[in-house]
Amino acid sequence: MEKEIAPIMTEHWEKAEFPFHAIPKLATLGLAGGTTKGYGCPGLSLTASAISAAEVARVDASCSAIILMHAALVIPAIDLCGSEAQKQKYLPSLAQFKTIGCWALTEPDYGSDASSLRTAATKVPGGWHLDGQKRWIGNSTIADMLIILARNADTNQLNGFIVKKGAPGLKATKIENKIGLRMVQNGDVVLNKVFVPDEDRLPGINSFQDINKVFAMSRIMVAWQPIGISMGVFDMCHRYLKERKQFGAPLAAFQLNQEKLVRMLGDIQAMVLVGWRLCKLYESGKMTSGHSSLGKAWTSKKAREIVSLGRELLGGNGILADFLVAKAFCDLEPIFTYEGTYDINSLVTGREITGVASFKPAMLVKSRL
Ligand SMILES: Cc1cc2nc3c(=O)[nH]c(=O)nc-3n(C[C@H](O)[C@H](O)[C@H](O)COP(=O)(O)OP(=O)(O)OC[C@H]3O[C@@H](n4cnc5c(N)ncnc54)[C@H](O)[C@@H]3O)c2cc1C
């Protein structure tokens, strides 16, 4: 990452271009297959996969998002919810980045409330027709295959489908002018009677609980992205403060600057421990959704404070993408929001520790009673 990716990332980030020529290099890291065993995937422990994701994010958050799209969403979805034939057909090339996949849950009108999604799956001879819209879907404009979550028009259940690039009726348009993770190509996706053969329906997705099995792991992986970003910002600030002088002394010699560095370091140590604990809870089968939501919410909140301090410490250079810190500052914003916003993850944990769900305003809950 430091040798091959760091030198080129600012230019790609500035231009909001997908780093196509870096993909074979990212593939050699062997991380895209994550924890999946077999089918060309490395079968890493969750802890190893999470720490690797953080190390990638330490250098570049967009690249970590591109890897996690495979390692934490697309590949686990097929591994946990797919048929044997689907695993054999799709996983080896996804794990080696020979094909690129994406995960399409969010819709224009259903973001935090994704379980109410409206994209419809209607049974037709030999397969299904998908109709609806998706929003924010990472990699969708360049993906070879898209996992589309849709509502079965007959049963009202949520189902999952593999849609191939170029399928008639499928259109993905890049969302322009993002301020963070600019290399990731997020798109608006329109599905107009897109035909999916029966063999490309994921048999293991029949409810939002099934989707949550994928999120259980992906939320931990996403919790490690802010940790990696914060480590990268700390490294840069530490170096910068020792190199740059003001008032005849290195910036590192000023007590106020030292306090900020130490505050960053303390928070990073705590974040690593939270991330580590999450991995161990998951690996021992004891992790609840409240645990992973708290972890993701908290690391992303802490990292927001760290990147702000870092931005401050670099003075004017703290707003230039070239110095990593401004880029990290911007990249953290979408991470604070995706995989459940800070608020929604707090409410998931709040529900678990109080036994009371508070997602819907009281007036709606009352009107349904
Ligand atoms: C860069 C980026 C990449 C993404 N990639 C993908 C992807 O690859 N695939 C995919 O499916 N999705 C993806 N998403 C979508 C992401 O998961 C959603 O943006 C996220 O779930 C929030 O939904 P929303 O943007 O519609 O915000 P909204 O749901 O409209 O929320 C707006 C605000 O209201 C708050 N809010 C909402 N409901 C409640 C409530 N009940 N109580 C309290 N506060 C509430 C939220 O916390 C937030 O602050 C991506 C998003 C971004 C920005």
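A polar contact, as the term is used here, is a pair of N or O atoms within 3.5 Å of each other. With that in mind, open the structure, remembering that this is a predicted model, and select the ligand together with Trp103, where a nitrogen atom of the ligand is 2.8 Å from a polar backbone atom of Trp103.

Next, select Ser112 and look at its side chain, because an N or O atom there is 2.7 Å from an oxygen atom of the ligand. Then move to Asp343, where an N or O atom of the side chain is likewise 2.7 Å from an oxygen atom of the ligand. Taken alone, the ligand exposes 970 Å², and the protein buries 67% of that area.

Now show the surface of the protein, and you will find that the ligand sits in the largest pocket. To see what gives two or more residues to the shell around the ligand, colour strand S3 (101-104), strand S5 (127-138), helix H9 (325-337) and helix H10 (342-354).

After that, select the whole shell, in which 20 residues surround the ligand, the closest being Thr106, Ser112, Thr341, Asp343 and Phe359. If you colour these residues by class, the shell shows 11 nonpolar, 7 polar and 2 charged residues.

Finally, colour the protein by domain: which domains each give at least three residues to the shell around the ligand? They are domain 2 (102-202) and domain 3 (208-354), each of which supplies at least three residues.

Terms used. Residues numbered from 1 in each chain as written. Predicted model: local features only at pLDDT ≥ 70, side-chain atom pairs only at ≥ 80, totals over all residues. Heavy atoms only, no water. Near = heavy atom within 4 Å. Polar contact = N/O pair within 3.5 Å; in protein donor to acceptor, adjacent residues only side chain to side chain. Areas by Shrake-Rupley, 256 points an atom, 1.4 Å probe, with all protein chains shown as cover. 1 Å grid on protein atoms, 1.4 Å probe; cavity = no way out; pocket = protein on both sides within 12 Å on 5 of 7 lines; lining within 4 Å. Sits in = over half its atoms within 2 Å of the grid points. Helix = DSSP H or I, 4+ residues; strand = E, 2+ residues; numbered from the N terminus. Nonpolar A, V, L, I, M, F, W, Y, C, P; charged D, E, K, R; others polar. Domains from an automatic or database assignment.
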